[in-house]
Number of protein chains: 2
Amino acid sequence: MTTLTTIEIEPPYLLFIGDMDYELDAKTAFGIAHWRPELCLAQLRFGTEVDLGLPDMTPKDAVAAGARSLIVGVAPVGGSFPESWVESLLEAARSGLHIVAGMHTRLDQVPGLSEAATEGGVRLVDVRTPPTHIPVGTGVKRPGRRLLTVGTDCAVGKKYTALAIEREMHARGMKATFRATGQTGIMIAGEGVPIDSVVSDFISGAAEMLSPDNEANHWDVIEGQGSIVNPGYAGVTVGLMHGSQPDALVLCHDAARTGIDGWDGYDVPEMPTLIDLYLSMARLTNPAVRMVGISVNTSSLDRARGEAYLRELEDRMEMPCVDPLADGVGRIIDQLLPRAGT
Amino acid sequence: MTTLTTIEIEPPYLLFIGDMDYELDAKTAFGIAHWRPELCLAQLRFGTEVDLGLPDMTPKDAVAAGARSLIVGVAPVGGSFPESWVESLLEAARSGLHIVAGMHTRLDQVPGLSEAATEGGVRLVDVRTPPTHIPVGTGVKRPGRRLLTVGTDCAVGKKYTALAIEREMHARGMKATFRATGQTGIMIAGEGVPIDSVVSDFISGAAEMLSPDNEANHWDVIEGQGSIVNPGYAGVTVGLMHGSQPDALVLCHDAARTGIDGWDGYDVPEMPTLIDLYLSMARLTNPAVRMVGISVNTSSLDRARGEAYLRELEDRMEMPCVDPLADGVGRIIDQLLPRAGT
């Protein structure tokens, strides 16, 4: 029997936003509260108007109410912990809350926190740190069905699209599990593997671990990373894709994006070229893989232009093209159902 | 000014083969002695007939003769250090030789070796351990020319072919540097990056570091890793390729290989399909990339059959197809010269 050795986070959560003044800096906390309200018990903040819409609690109150983990749901500038937060985290650990964060500073480097965790009998969970003992990918086909979101670039909605697909599958009564591969995704899912932190020999093995054997009619909906045309990260994208063995790919795009963000001189290729590239690589571990739809963030356009953009794209690509926020992802999921007459 | 932070090994070498009874178990030592005789001063062995053709020396004798590093050139079963070797390594470190190894057991886990290294004022160099502070790949095109060996599978002659190409380029008076990406390659080159041990976010960045800016007519000849059709390692292959920005690819193959070794059910695809896949991915960071030849290990065939195999392959693929051991790699290098009339 194989044990799933992904990172695991124990719910329910006390979401820490500290003194962060801008909602955007607390986007991880907002993401967790939006996608997993059932895991969120309370928020911990001081001196800020930013509000997740959850009850305010001290760590002690939260423990009394049943909370098991404090999640640092903010990304401070520079990625390290301000002094003003440290006392809160120490109190939380001593009170019996596991401490979960995904910042560049490791939790065991926060002064006093390891000792406080020992005192409180809790774990420090760095979601950037991959599990140990990841095997090399085997390429052996696993039972169950898998969908992977892939991108024209980084930060084009791969996580959002995967979460929206999982939610819509559940609404339809389908069996589905979101599989997280990035830090925010792992906090939302409560488990996962930070795929870009895995040693490169084990990328596809980590992806295999993340979506193990399942029932024939169960869908793993896997959060993609990077892009096959990103000069920095395409190796991660390919390894994740090979280990995921996707039956279905969904291409994610931002309508405002024409070049690879942060890589001057690299353009986003034409969609047919990009789709061919994804499929030609994905066929290695699943020859039956299909591109089933395109999920576009059209927030840079007004609604009429956004709709025109999607219509034009759909005519050209001959597959459902949707803005997941405006249109939902139902038309993409329709592509996964057994086809009439088959 | 960028500092090249690859692993570096100080020559000349005392090659350690200990009590290894079989030449195959000492293939790393034989590889170093074959490809870099100018770096090899002596051998250290006890109770074995295996012979690199170098003078036998104790660590003290070797230091007196000018040796700077002891290289563990053997791969013992299980990958850890037998008790009988430890005393030799301690003596070598105390005598002033840097200790270099690429086994699963880290050198600082060998009892007493860290202390002996401090005493001798030497470094312990684990060639499996990548350098720190590797940046994310930038995709910025670097001056100089680059050739990358790629494979139909693992262990099909990518290192051998790259070393043979470097040697032949030098014989022709061309400027060329072999760039090592695996443990044995790093020991042969005296520097390099163990690309499969790098955290996956930094694969292409590590490859960029490995072949920095160079003169316009200088060739970096880069040792490939894995295969684009290996379900375990293709992510490494792609990241290495993107960071290498190769002008030229050479496809390496073993005539005896029909399936991906160790991955049941995975066949080596037809060569045209495989070449298309490599080129379509490599074009991202170098749109002018070409496949310039095929290097085949035909040792499983008798010479007549080997020649027929290569003739048939060459007719079909319309590029030079050679066995590097039997034919040399000159005809592949001819493809890199400025073409008549251009």
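Trainee: How many residues of domain 1 of chain A are in contact with domain 2 of chain A?

Mentor: 13 residues of domain 1 of chain A touch 10 residues of domain 2 of chain A. Keep in mind that this is a predicted model.

Trainee: Which elements supply the domain 1 side?

Mentor: Strand 1 (7-8) and helix 1 (27-35) of chain A each give at least two residues to that side. Helix 1 of chain A has the largest share, 4 residues.

Trainee: What classes of residue are on that side?

Mentor: The side of domain 1 of chain A that touches domain 2 of chain A has 8 nonpolar residues, 3 polar and 2 charged.

Trainee: Where do the two domains of chain A run?

Mentor: Domain 1 covers 7-126 and domain 2 covers 145-334. Their C-alpha centres lie 29 Å apart.

Trainee: New topic, strand 11 of chain A. How many of its residues are buried?

Mentor: In strand 11 (residues 248-254), 6 of 7 residues are buried, so the strand is mostly covered.

Trainee: Which way does strand 7 of chain A pair with strand 11, parallel or antiparallel?

Mentor: Parallel. Strand 7 (residues 145-151) of chain A joins strand 11 of chain A over 5 bridges. Thr149(A) stands opposite Val250(A) there.

Trainee: And how many bridges join strand 11 of chain A to strand 12?

Mentor: 7 bridges, with strand 12 (residues 290-297) of chain A running parallel to strand 11 of chain A. One pair is His253(A) with Val296(A) in strand 12.

Trainee: What does the chain pass through from strand 11 to strand 12 of chain A?

Mentor: Helix 9 (residues 271-282) of chain A. That β-α-β crossover is right-handed.

Conventions. Residues are numbered from 1 along each chain as its sequence is written. Chains are lettered from A and ligands numbered from 1 in the order in which they are written. This is a predicted model: local features need pLDDT of at least 70, side-chain atom pairs count only at pLDDT 80 or more; totals for chains, interfaces and linings use all residues. A residue is buried if 20 or more other C-beta atoms lie within 10 Å of its own, exposed if 12 or fewer, and partly exposed in between; C-beta atoms are placed from the backbone. Two strands pair if DSSP finds at least two bridges between them. A crossover is right-handed if, with the strands pointing away from the viewer, the path from the first strand over the helix to the second runs clockwise. Domain bounds come from an automatic or database domain assignment. Two residues are in contact if their C-beta atoms, placed from the backbone, lie within 7 Å. Ala, Val, Leu, Ile, Met, Phe, Trp, Tyr, Cys and Pro count as nonpolar, Asp, Glu, Lys and Arg as charged, and the others, Gly among them, as polar.
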